[in-house]
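Here is a short report for a first look at this structure. Keep the view open while reading.

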Amino acid sequence: MKNGKRNRTGVSNPSLERKSTADTQHQKEVDARSLWKQVEDVLVPRLRLPVIDHMVYMHLLRHSHLEGNRRFRFSILWLARNINLTMRPTRDAVRRLAAQGVLRLVERSSMAGHVAEVRLPEEVRGVRARPAARAREAARKLATTDIEQMDFLKTLELRRAIHARERGRCFYCLRRVPPRLECLDHVVPRARVDCNSYRNLVSACMECNAQKSALPAEEHLRWLFREHRLGSAELRGRFEALELLAAGKLRPVVALTSEGRRTKARLRLYKQITTDSPLRPE
């Protein structure tokens, strides 16, 4: 009996010795590497676990989930000896973990020992909710970057995004334009609307930029048709492109800022830790 206590109190309890089919399946699903990532990268930082609480949780986790059981019986004395601590801080750590929902004490007994259900990081309510909420909020901000409010004349990267959208051609006459000769033109002249939105900026050749000047885009396109620089099918295509542009359907690809890249990297890391790991019990 002494050896039983030293290794684990209560091993004689038949209800805890027998492994159910669910326990066997659960044991197969738990991956120690992914579990360690969840503990170190999610649970400990989110709950701000002290070192002693961290040690206690890891030891209980090792003797429960990593051996195919969700709950097991232990004594404070056994736990304190195994992690080389005195009983007082060990008992306090168990109480704190129970208060935070990391452990669920099914049965308490100073003589027979405690029966605890050790929860995985993804099963702890505070850990599960906060990262998920933050990830959703980060995803929302990333997905709803207000491109409508961007000034596409403000930076070189944004100006290049407009040129890239037209794929090296003049928006009006459709001629190939060398990069050094590309211009940005306002579809609705700045004299009428001071707008540098992607809806009002196109890439143009120097000739179209000068010829159009303050004319409306439709009038310049008709002039190109009369000068036989656009065919009738091309003219119709340019009018359709103007409609798509005004409707916001010709969005340029905007490179992520450094903050956007960091947000995207955090989302990938969170998904890898919480979604891809095979830790969900049956």
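## Surface and burial

Accessible areas come from the Shrake-Rupley method with a 1.4 Å probe, and for residues only the protein chains shown count as cover. By that method the chain exposes about 16900 Å². Carbon and sulfur atoms supply 52% of this area.

This is a predicted model: local features need pLDDT of at least 70, side-chain atom pairs count only at pLDDT 80 or more, and totals for chains, interfaces and linings use all residues. Residues are numbered from 1 along each chain as its sequence is written, and side-chain values use heavy atoms, leaving out hydrogens and water.

Of the 282 residues, 40% count as buried (under 20% relative accessible area, 1.4 Å probe, protein chains only).

## Helices and strands

The chain has 13 helices and 5 strands. These are DSSP runs, numbered from the N terminus: helices are H or I with at least four residues, strands E with at least two.

## Two cores

A nonpolar core is a set of buried Ala, Val, Leu, Ile, Met, Phe, Trp, Tyr and Cys residues joined through side-chain atoms within 4.5 Å. The largest has 26 residues. Val56, Tyr57, Leu60, Phe74 and Val94 have the most contacts inside it. Helix H4 (32–47) is one of the elements giving two or more residues. H4 gives the most, with 5 residues.

A second, separate core has 18 residues, including Val177 and Cys205.

## Cysteines

The structure holds 0 disulfides (pairs of cysteine sulfur atoms within 2.5 Å). For cysteine 170, the nearest cysteine sulfur is that of cysteine 173, 3.7 Å away. Cysteine 170 counts as buried, at 1% relative accessibility.

Terms used: Buried < 20%, exposed > 50% of the residue type's maximum accessible area, 1.4 Å probe, protein only.
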